Amino acid sequence: VKLVQSEAILRYLGNKHNLIGTTAPAYRTDMLLEEARDLDATITGLSYEQGGAAVAKWLNSKELGVKLQLWEDCIRKNGGFVTGTSITVV
């Protein structure tokens, strides 16, 4: 199999090696994978468009704090894992 898109590669490997999550619905893993991509896109976009000062400002913003709190709550709820009770591609 030849794959070139990072999301496709992650999903392919996740499915192949049972890393999509065994105790949580697959859509939850997909949702969190997309959320991680959105965070990356925000930081990358700010960096290229407005520079390091804008990235630093956003990294200290309330918006990021809210997003990270949601991740922390999810991980805490799942006993240290993002989804379910085992390691996943997220």
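From the N terminus on, the elements of the chain follow the order α-α-α-α. The secondary structure thus listed amounts to four helices and zero strands, where helices (H or I, at least four residues) and strands (E, at least two) are DSSP runs numbered from the N terminus. The model is predicted: local features need pLDDT of at least 70, side-chain atom pairs count only at pLDDT 80 or more, and totals for chains, interfaces and linings use all residues. Residues are numbered from 1 along each chain as its sequence is written, and side-chain values use heavy atoms, with hydrogens and water left out.

Overall values for the chain are given below.

| Property of the chain | Value |
|---|---|
| Span of the C-alpha trace along its principal axes | about 40 × 35 × 15 Å |

Of the 90 residues, 23% count as buried, meaning under 20% relative accessible area (1.4 Å probe, protein chains only).

Helix 2 (residues 26-50) packs against helix 4 (residues 62-77) at an angle of about 150 degrees, their axes lying 12 Å apart; axes are lines fitted to C-alpha atoms over the stretch in contact, and angles run from 0 to 180 degrees between N-to-C directions. Helix 2 is therefore roughly antiparallel to helix 4, a term for angles over 145 degrees.

In this pairing, L32, E35, A36 and L39 of helix 2 meet L64, K67, W71 and C74 of helix 4, contact being heavy atoms within 4.5 Å. By class, this contact has six nonpolar, no polar and two charged residues.

Key:
Parallel < 35°, antiparallel > 145°, perpendicular 65-115°, else oblique. Nonpolar A, V, L, I, M, F, W, Y, C, P; charged D, E, K, R; others polar. Buried < 20%, exposed > 50% of the residue type's maximum accessible area, 1.4 Å probe, protein only.
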